[in-house]
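Here is my note on the two-chain model.

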Amino acid sequence: MHHKVDKEKYEGSLARLYNIFKGISDSVNEVSSWRCPYKNVEDRCTAGFGCRNQNRNVSEGALYICVGSDNLDYRDAWESSDDIS
Amino acid sequence: MPIVNEGLEKEMVHIAKPFEAQHIRDLFEEADPLMQEIAYALIRGDNNEVDSLTSDALEKGFTANTVMDDGLIAGMAIVGIKFRDNIIFVPEVLISARAMKAGMAHIEPILSESDIPPVGEVIMGTVKGDLHDIGKNLCIMMLRGAGFVVHDLGVDTKPEEFIDAVMDHGAGVLGMSALLTTTMPNMGRVIQAFEDEGIREDVKILVGGAPVTQEFAEDMGADGYGKDAIECVDMAKELVAAKNS
């Protein structure tokens, strides 16, 4: 049997989480202006679609390497209909 | 209690601002080492570990409030700082969010037992022909963090799949996103499909995505538009309030 949740404390927790996520949302808007949001910290591509910046010469199951420059707009490289069934 | 978890202590080197480092240390000051383990697993994005540690903590008698505050949210605070300071990027944030969801899965039944209903229920997906899901995934992360139950239909979603999901779950809000100007009109087609089925009034429809504007949203007959993830949350709250009024 678990202790019941204290509603007031829970609402306080949600408010703190909202503030953390608001900060993350603001950072997303800023970071996405210069870095593809699908590119992870190891410069690997996490996108589920094709992109001309993907170097696919990787071992099986590994994420593609992103070779895009952060100085260029990445959106033009995204393939719009690749992989759509 | 100081930070005793070695991995978590190593994470502290990423907190460059002294007042933030102190704030984070204060968060863990009275926290049990198990909460530090949960926070560290969340930072690493290890959803299996968060799942098992959260379950253990609740079994040991820690309250859901404690697990949320001292484990999950404290960990997410560090994720937010690392992201802001470009130490990690969006994919890593989303992996930590997945871990948070694994922990919250154990908290949600206790919320329900405590007569705390979800803020609302939302169906989310990208429209037919669109595979660009990062905006949707960020919205889902933030909606869940705000207390919503979200059913993620993924990408390339057909109108009938949206309709089925809304009907199956009785969700009050449907969120659609599109990144391409070529797929954006599919949002209007989904809204038309709801009208054709005679169930348009049963659900509030929220749209977003890089090319979408307030004007476009209004023209296609959507109930709300969010220009980013946090606006998506604010608008979803408004739509739920409007639906319940």
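1. Chain B holds 11 helices and 5 strands. Helices (H or I, at least four residues) and strands (E, at least two) are DSSP runs, numbered from the N terminus. This is a predicted model, in which local features need pLDDT of at least 70, side-chain atom pairs count only at pLDDT 80 or more, and totals for chains, interfaces and linings use all residues. Residues are numbered from 1 along each chain as its sequence is written, while chains are lettered from A and ligands numbered from 1 in the order in which they are written.

2. The C-alpha trace of chain B spans about 60 × 40 × 30 Å along its principal axes.

3. In chain B, 54% of the 245 residues are buried. Buried means 20 or more other C-beta atoms within 10 Å of the residue's own, exposed means 12 or fewer, and partly exposed lies in between; C-beta atoms are placed from the backbone. Of the chain B contacts between residues at least 6 apart in sequence, 73% join residues at least 24 apart. A contact needs C-beta atoms, placed from the backbone, within 7 Å.

4. The contact between the chains takes 41 residues from chain B and 36 residues from chain A. On the chain B side, the elements giving two or more residues are helix H5 (64-84), H6, helix H7 (134-145) and helix H11 (229-244). H5(B) gives the most, with 10 residues. The chain B side divides into 24 nonpolar, 10 polar and 7 charged residues. Here Ala, Val, Leu, Ile, Met, Phe, Trp, Tyr, Cys and Pro count as nonpolar, Asp, Glu, Lys and Arg as charged, and the others, Gly among them, as polar.

5. Chain A has 1 helix and 2 strands. Their order from the N terminus is α-β-β.

6. Chain A has a radius of gyration of 19 Å, but a compact globule of 85 residues would have one near 12 Å. Its C-alpha atoms fill a box of roughly 50 × 35 × 25 Å, taken along the principal axes.

7. Of the 85 residues of chain A, 25% count as buried. Among chain A contacts with a separation of 6 or more, 36% come from residues 24 or more positions apart.

Terms used: Contact = placed C-beta atoms within 7 Å. Rg over C-alpha atoms; globule rule 2.2 N^0.38 Å.
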